[in-house]
Amino acid sequence: MKRSKAYVAARRDAIIALLESNGQMSVNALAEHFEVSPLTIRRDLNQLETQQVLTHEHGSAILLNPLGRPAGSQQVRANKAIAREAARHISDGECVFVSASSTALGIISFITAEDVTVITNNGRVLQMDETPNVTILLTGGEVRPPRASMTGDIAHDLVRRVTASKCFLGASGISAKYGLASATSPEPAVNALMIERSKECIVVADSSKLGHESSFQFASADEVDLLITDTGATDAQVAELEAYGLKRVVRVDPSLAAEARRSL
């Protein structure tokens, strides 16, 4: 019998919780714990690895954050809560850009709107579970491991041919003075084009990114229509960004999101 999306999502949350407690677990141990096949666990781990929550190799899974260091549950839950909230801003029939950010990519799993077209330069989307209500278009381009982002002239050309209702972008740093920035050099050019070719710019970033200055800028604060972050963002940080032109901020509570997941 096919399991519901809620059941699968709850199991994946439980896998994260186990790894937080144990640091590392084998595929076989996880399969035994959840009474499912190793193939099912590998599918779960592939999905979580796509979201840069963990890495798995040699038959074991290790919890990571996007920078590759041991992650706390708060950041993992924050990113999932942010992605879930962002998906609520997508309506039936929309065409949207999704950047190479892991948080932005995670939005796709939470889309409930029908007949949505997502255009992304993140090759990891190919590892995600099928979402029947979403059509995925890859930009193509030069692949940049380990993020699997697609950049360069081919990606730019595809983005220039599209007018999207919204773009959903992540950022390595969000500064009131210096705007949105990435830690890698090729991706900002694609991000900037997505903003240019969209009617609305939505940024998804956990509170640790606020006030952080990264190397390669791709937008100023006044180009952002909505920032979705978590409750770790202070009133002072939000006020400073709004003073520099950012139009709206939504702060989600990761703990409430976790409670909602457990109630399913």
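Because the model is predicted, local features need pLDDT of at least 70 and side-chain atom pairs count only at pLDDT 80 or more, while totals for chains, interfaces and linings use all residues. Residues are numbered from 1 along each chain as its sequence is written, and side-chain values use heavy atoms, with hydrogens and water left out.

Helices (H or I, at least four residues) and strands (E, at least two) are DSSP runs numbered from the N terminus, and two strands pair if DSSP finds at least two bridges between them. In the order S1-S3-S2, three strands form an open sheet with antiparallel pairing. Strand S1 (24-26) and strand S2 (54-57) each have a single partner strand and stand at the edges, so one side of each is left without a neighbour in the sheet. From one strand to the next the twist averages 20 degrees, where angles run from 0 to 180 degrees between N-to-C directions and axes are lines fitted to C-alpha atoms, for helices over the stretch in contact. Four bridges pair S2 with strand S3 (residues 60-63) in the antiparallel sense, and Thr-55 has Ile-62 in S3 as its bridge partner.

Helix H2 (residues 27-34) touches S1 and S3, its direction making about 80 degrees with that of S1, whereas helix H3 (residues 38-50) touches S2 and S3 and makes about 135 degrees with the direction of S2. The helices H2 and H3 also pack against each other, at an angle of about 110 degrees and with their axes 8 Å apart. That makes H2 roughly perpendicular to H3, a term that covers angles of 65 to 115 degrees. At their contact, Val-27, Asn-28, Leu-30, Ala-31 and Phe-34 in H2 meet Pro-38, Ile-41, Arg-42 and Leu-45 in H3.

The other sheet is open and has seven strands with parallel pairing, in the order S6-S5-S4-S9-S12-S14-S15. Its edge strands, each pairing on one side only, are strand S6 (134-138) and strand S15 (249-252). Neighbouring strands of this sheet are turned against each other by 20 degrees on average, direction ignored. Within it, strand S12 (residues 201-204) and strand S14 (residues 226-230) run parallel and are joined by three bridges, with Ile-202 opposite Leu-226 in S14. Helix H7 (residues 187-196) packs on the sheet by touching strand S4 (95-98), strand S5 (116-120), strand S9 (166-169) and S12, and its direction makes about 150 degrees with that of S9.

Buried means under 20% relative accessible area and exposed over 50%, with partly exposed in between (1.4 Å probe, protein chains only). A nonpolar core is a set of buried Ala, Val, Leu, Ile, Met, Phe, Trp, Tyr and Cys residues joined through side-chain atoms within 4.5 Å. The largest one has 30 residues, of which Phe-97, Ile-174, Leu-180, Val-203 and Leu-227 touch the most other members. Two or more residues come from each of helix H6 (153-160), S9, H7, S12, strand S13 (216-219) and helix H8 (235-243), and H7 gives the most, with four residues. A second, separate core of 27 residues includes Ala-104, Phe-110, Leu-226 and Ile-228.

In H6, the buried residues are Ala-155, His-156 and Val-159. Seen down the axis of H6, they fall within an arc of 100 degrees, so they line one face of the helix; the arc is that of the directions from the helix axis to the C-beta atoms. These buried residues pack against S4, strand S8 (149-151) and H7, while the face of H6 turned away from them carries the exposed residues Asp-153 and Ile-154.

Technical notes: Contact means heavy atoms within 4.5 Å. Angles under 35 degrees count as roughly parallel, over 145 as roughly antiparallel, 65 to 115 as roughly perpendicular and the rest as oblique.
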